[in-house]
Amino acid sequence: RRWHNCIGRLLEPLPRAVDAEQPFTITNIMSSNNTIVSFATGLVSRLAATIPTLSSSTNNDGDNKATSSSELLTQLLNDISTPQSLQDLFVLTTIVVIAQLILNQLVYHVPTLLQNLLTNDEKKKKKAIPVRGKHLDNFTVKDYTFIMINKCMTGLFVYCYFGYLWSVRKLEEDDSHGDCCNKSGGQGIFTTTNLSIHNTILPLPLLFIIYDFFYTLLHWFLHMKSVYAHVHKHHHFQKAPSRANIDAVNVHPLEFFLGEFNHILALVLVVQGVGTVSVGEYYTVGYRGMDVSWVCAVLFIGLGGILAGLNHTRHDVVLSVPSSSVATDASSDTDETSSSSSSTNNNTISDSKNSSKGYLTIFDSKHHDVHHRIPQSNYGQYTVFWDRIFGTFRDYDENDRVNPAYQLDPMTGKTVVVNKSD
């Protein structure tokens with residue numbers, strides 16, 4: 001009963017679908033069919049109301065607008081620091097942490113289940129990335145602290161991420177969102193009436209490419225000797241990641257903050273454009289930006305969470321697309337490659353198996369496994385596209401030595417105890 005009353009007091013100011021005259025109890029909440037929808041709608045509406053919009057004109061109608069960046073930041077801090085807003089952020093963070101737990105279990109277990117369902121070959125069923133580096137079997141207090149701080153920080157990231165999208169979409173001067181969010185009769189940020197391939201599917205590749213450009217540079221910077229020991233070294237105590245998103249977020253909070261908010265930077269650049277210069281009266285040079293729907297924004301961070309989790313498992317997951325150019329190049333260069341393979345630097349090796357079959361690799365979980373063993377390579381998060389350009393790509397070599405003493409027990413997820421007498 002004590003916990004019951006505590007939860008009731010915590011949720012009392014939040015929106016509810018039950019009659020206002022009824023006492024706010026857990027029983028009354030659960031008895032209403034529309035409570036979850038009303039609760040979510042109220043939570044999103046209140047948090048959205050705290051997002052200021054940068055306007056070029058002075059505001060006189062009481063709307064939450066700012067005329068400068070400093071005024072915008074001041075308004076944001078004032079609105080989000082109210083008791084109600086802090087409570088909403090706490091609830092949002094709790095929801096996000098629960099979603100992370102669910103995502104981690106899905107990333108950890110679903111690939112194995114799908115593999116067992118789709119094939120009868122026992123060898124393929126047992127296929128996993130062999131452990132070549134020493135596995136971090138037991139977390140320290142520092143590990144648990146960093147993981148919890150970073151998970152809680154994700155709630156703030158989600159608020160800022162969708163807050164930016166909301167602030168862009170509620171601009172009065174933006175006619176492209178008349179049926180969505182602005183004051184000309186918009187239905188809200190989560191309406192589905194304006195979804196299209198142009199604003200939902202097409203921006204995705206661009207978001208991932210722009211994100212990984214900045215993340216690759218950031219990751220390279222974190223491996224500089226003067227910085228590495230203070231920030232990124234903690235993450236590399238794990239030489240053979242296996243716990244999916246738990247190992248992925250086991251990083252220094254500063255690194256996690258920079259990596260997560262890099263998603264917002266990518267979103268800003270895709271939406272607003274970059275390098276636009278007017279040439280004459282009718283021509284503009286540069287990228288002018290494009291519309292990004294809320295579904296696209298959800299897919300970006302959702303797929304990103306899945307790929308980051310897969311990067312920190314023993315699952316051998318490869319995503320590739322057919323490419324006739326790759327097949328042509330591979331067939332024409334076969335003789336040259338075979339004659340010089342012994343002297344080829346491993347940093348410039350491409351995915352030979354997929355290339356010979358005419359496929360272009362988009363994602364390979366083994367690439368990040370290589371990075372944990374050989375840190376000066378494969379700095380990209382979701383793809384090694386920029387590593388190939390910058391010359392830091394290192395392909396996975398299945399012939400690398402595998403130490404039997406480092407392999408993991410599938411039941412415990414920890415290093416198998418090897419009997420030396422055997």
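Ala, Val, Leu, Ile, Met, Phe, Trp, Tyr, Cys and Pro count here as nonpolar, Asp, Glu, Lys and Arg as charged, and the others, Gly among them, as polar. The model in these views is predicted.

View 1. A search of the whole structure finds 2 cavities of 30 Å³ or more. Strand 6 has the largest share, with 4 residues. By class, the lining has 4 nonpolar, 8 polar and 2 charged residues.

**View 2. A salt bridge between D88 and R46.** The structure holds 7 salt bridges. In this one, the side chains meet at 2.8 Å, N to O. D88 sits in helix 5 (residues 83-118) and R46 in helix 3 (residues 35-49), 42 residues apart. D88 is buried, at 1% relative accessible area. R46 is partly exposed, at 23%.

**View 3. A salt bridge between D316 and K366.** The N to O distance is 2.7 Å. D316 lies in the loop between helix 13 (294-310) and strand 5 (318-322), while K366 belongs to helix 17, 50 residues apart. D316 is partly exposed, with a relative accessible area of 21%. K366 is buried, with 10%.

**View 4. D369 and R373 within helix 17.** Their side chains form a salt bridge of 3.9 Å, N to O. The two residues are 4 apart, about one turn of the helix. Salt bridges with shared partners join R314, D369, R373 and D400 into one network. D369 is buried, at 2% relative accessible area. R373 is partly exposed, at 22%.

Terms used
Residues numbered from 1 in each chain as written. Predicted model: local features only at pLDDT ≥ 70, side-chain atom pairs only at ≥ 80, totals over all residues. Heavy atoms only, no water. 1 Å grid on protein atoms, 1.4 Å probe; cavity = no way out; pocket = protein on both sides within 12 Å on 5 of 7 lines; lining within 4 Å. Points joined across faces, edges and corners; volume = space filled by probe spheres on them. Salt bridge = Lys/Arg side-chain N within 4 Å of Asp/Glu carboxyl O. Buried < 20%, exposed > 50% of the residue type's maximum accessible area, 1.4 Å probe, protein only.
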